[in-house]
Amino acid sequence: MKLKRLLKYGSFSRSMKMLFWGYGFSLSLFSLFSYFFIDPNFTALRWLYSGVYADYRLLVSFGYVLFIALLYLFYVLILENIKTQNVSFLSLGKKIAITASVLLFSYPAMLSYDLFNYTTTAKTLFFYKENPYLIMPIEFLNEPFLSYTHAANKLALYGPSWLMLSGIPYNLGFSNILLTLFQFKLFAALFYIGCSYFVWKLSDNKQSLLLFALNPLVLIETFVSGHNDIVMMFFVLATIFLILRKQFVIAFLLFIISVGIKYASIALLPFMVFLAWRVSKNQRIKWKTIWVFAAISMSIPFLLSPLREEVYPWYAIWFLPFAAMIRKQYVKYLAIAFTLGLLLRYIPFMYLGTHFGIAPIAKIILTVFPVSVAALCIFVRKRYV
Amino acid sequence: MNRLYFSLFFLIFFLVLSFKPVYADSSYVLPYPSFMPGNSLYKARLLLEYVQEFWYFGNLSQFEYVRKQSDKYLVEAKTLFEYKQYLLGVPALKKSDAYFIQEETHLMEAKKQAKDIKQKELTRKLQAQKHTEVLLSLLPLVPKDFHWNPEKEESTYLALHDEIKEAVKIRKL
């Protein structure tokens with residue numbers, strides 16, 4: 001019955017097709033735009049280095065704002081129109097995958113150098129066979145990655161699960177830096193598909209699926225920057241999925257793997273215990289409450305992150321899958337506005353070229369502004385409309 | 001005038017005398033003594049060290065491991081010598097020597113793999129200086145040799161000064 005529903009073919013309306021096409025096209029242009037950010041020390045793509053990013057900061061920042069605005073416009077329009085579409089999950093999934101995949105070919109260090117750090121750490125472990133928790137990459141003489149990696153003087157930051165998993169894309173890169181970077185992106189993309197699958201399975205709602213899977217922040221941070229947060233969240237969602245199927249042992253192991261990627265998911269431990277207890281006792285589960293509980297749990301490490309360094313935009317991936325499943329209009333709008341604000345955090349550095357001076361305050365203002373406007377609109381609409 | 005010369009000579013003489021001769025004084029810091037043999041947690045410490053050896057995989061990491069071990073056992077030997085526990089102190093010193101010798105092997109292997117060992121070599125030099133300093137300070141504290149005659153077992157002879165001098169020799173880079 002479920003398979004029938006999954007395969008049930010329905011076609012997208014002409015306007016919806018146009019919206020997906022427009023979104024995909026904007027993402028393609030964004031991919032091209034990312035090549036303005038090539039690091040002059042990144043020798044593999046030196047022939048594409050234009051210096052635009054360093055020489056025309058205002059223009060580049062303006063271009064970035066324009067792209068973000070365009071992406072959010074298509075995103076919101078798709079979300080608003082999906083209710084009227086009688087399409088199967090499969091065709092929707094295909095559309096999402098095709099739309100998102102154009103970002104796979106973008107320059108990875110446009111907004112963050114983390115992908116370089118991942119490859120460097122993986123090389124420390126799998127090529128030099130040194131423990132990255134004890135040895136810094138800077139200790140490898142004449143290593144080409146030292147010229148463009150920004151954290152060569154740091155020990156491994158991520159958990160052991162991530163170190164082991166990163167061996168897959170690293171070894172599939174066959175010591176070619178471009179191929180390795182692409183493999184890391186592809187690796188993140190696979191987990192994105194997995195996450196989207198679980199969001200769909202757990203919510204059984206197209207809006208929730210789109211709210212998560214087409215969110216520009218999720219797409220940019222996963223397909224452009226290749227952050228491992230999506231991998232951590234895949235294991236979290238897989239854990240919940242297996243708890244619901246009463247496969248507690250495997251669920252527990254997957255949760256351990258998830259915690260071993262970036263540690264943040266440990267905040268979900270009380271949630272997981274609570275869910276497992278309810279499921280084992282065959283008690284009714286109030287899904288809205290469950291997703292609110294999970295979203296709040298993952299917001300705690302997100303809100304605590306300034307204690308360590310600062311709030312990074314990709315941390316939103318920690319709570320966004322749960323926020324998408326809450327199915328409350330105001331949560332939806334607040335989530336959209338918040339992710340928009342987080343993506344705007346890149347502008348101060350893009351324009352000023354420094355993380356100091358007015359940049360920290362500008363970041364806070366840009367993050368808070370969209371969500372404040374959204375909150376005000378929701379309040380006015382509830383009160384007066 | 002003579003008085004002035006005399007005062008100047010006296011001042012210089014006093015300053016020269018007040019300088020304490022310093023042998024191999026280095027900024028290298030040795031760890032605090034850990035659990036000593038006889039302590040119930042000493043075996044747990046040995047077990048932990050055994051497990052740690054696996055954690056420190058790779059040439060550079062192994063170098064760090066043996067360097068720390070060499071330091072740890074030197075401090076253990078020093079403490080035991082100070083408490084006149086020569087029978088236990090000598091094996092600790094030998095362990096420290098063995099780990100110190102291993103350091104070079106790991107560094108050479110790392111060098112072959114184009115790893116930067118400059119900083120590690122410098123650390124090793126400082127370590128050798130510090131170890132030498134500690135070992136030389138032990139010489140006046142311990143007897144030249146030591147006979148241990150237990151009632152129902154064979155006696156043991158320890159040439160303590162020779163052991164210490166040998167350890168100093170090993171640390172000459």
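Before we look at how helices pass each other, here's the term to know: a crossing is left-handed if the near helix is turned anticlockwise from the far one by less than a right angle, and right-handed if clockwise. Keep in mind, too, that what you're looking at is a predicted model.

Find helix α4 (residues 86-112) of chain B and helix α6 (residues 160-170) of chain B: their axes come within 10 Å and cross at roughly 15°. Angles under 35 degrees count as roughly parallel, so that makes α4(B) roughly parallel to α6(B). And the hand? The crossing of α4(B) with α6(B) is left-handed. On the α4(B) side, the contact is made by B:Y86, B:V90, B:L93, B:D97, B:F100 and B:I101, and α6(B) answers with B:L160, B:E163, B:A167 and B:I170. Sort those residues by class and you get eight nonpolar and two charged, with no polar ones.

Now hop over to chain A. Start with helix α9 (residues 177-203) of chain A and helix α10 (residues 206-213) of chain A, whose axes come within 8 Å and cross at roughly 155°. That angle makes α9(A) roughly antiparallel to α10(A). This time the crossing is right-handed. The residues that meet are A:S196, A:V199, A:W200 and A:S203 from α9(A), and A:S208, A:L209, A:F212 and A:A213 from α10(A). Five of the residues in this contact of α9(A) with α10(A) are nonpolar, three are polar and none is charged.

For another pair, turn to helix α11 (residues 216-224) of chain A and helix α17 (residues 329-344) of chain A. They pack at an angle of about 40°, with their axes 9 Å apart. α11(A) and α17(A) are therefore oblique to each other. Here A:P216, A:L217 and A:I220 in α11(A) meet A:T339, A:L342 and A:L343 in α17(A). By class, the contact of α11(A) with α17(A) has five nonpolar residues, one polar and no charged.

Step back and take in chain A as a whole. Its C-alpha atoms fill a box of roughly 60 × 50 × 40 Å along the principal axes. A compact globule of 385 residues would have a radius of gyration near 21 Å, and chain A has 21 Å, which agrees.

How many residues does each chain bring to the contact between them? Chain B gives eleven and chain A gives ten. On the side of chain B that touches chain A, helix α3 (residues 59-82) of chain B gives the most, with three residues. That side of chain B has five nonpolar, three polar and three charged residues.

Finally, how confident is the predictor? The model scores ipTM 0.76 and pTM 0.86. Chain A averages a pLDDT of 93, with 97% of its residues scoring at least 70. For chain B the mean pLDDT is 88, and 85% of the residues reach 70 or more. Over residues 20-24 of chain B, pLDDT stays under 50. Where pLDDT is low, the predicted coordinates should not be read in detail.

Notes:
Residues are numbered from 1 along each chain as its sequence is written. Chains are lettered from A and ligands numbered from 1 in the order in which they are written. This is a predicted model: local features need pLDDT of at least 70, side-chain atom pairs count only at pLDDT 80 or more; totals for chains, interfaces and linings use all residues. Axes are lines fitted to C-alpha atoms, for helices over the stretch in contact, and angles run from 0 to 180 degrees between N-to-C directions. Helices (H or I, at least four residues) and strands (E, at least two) are DSSP runs, numbered from the N terminus. Angles under 35 degrees count as roughly parallel, over 145 as roughly antiparallel, 65 to 115 as roughly perpendicular and the rest as oblique. Two residues are in contact if their C-beta atoms, placed from the backbone, lie within 7 Å. Ala, Val, Leu, Ile, Met, Phe, Trp, Tyr, Cys and Pro count as nonpolar, Asp, Glu, Lys and Arg as charged, and the others, Gly among them, as polar. pLDDT is the predictor's confidence in each residue, from 0 to 100. The radius of gyration is taken over C-alpha atoms; the globule rule is 2.2 Å times the number of residues to the power 0.38.
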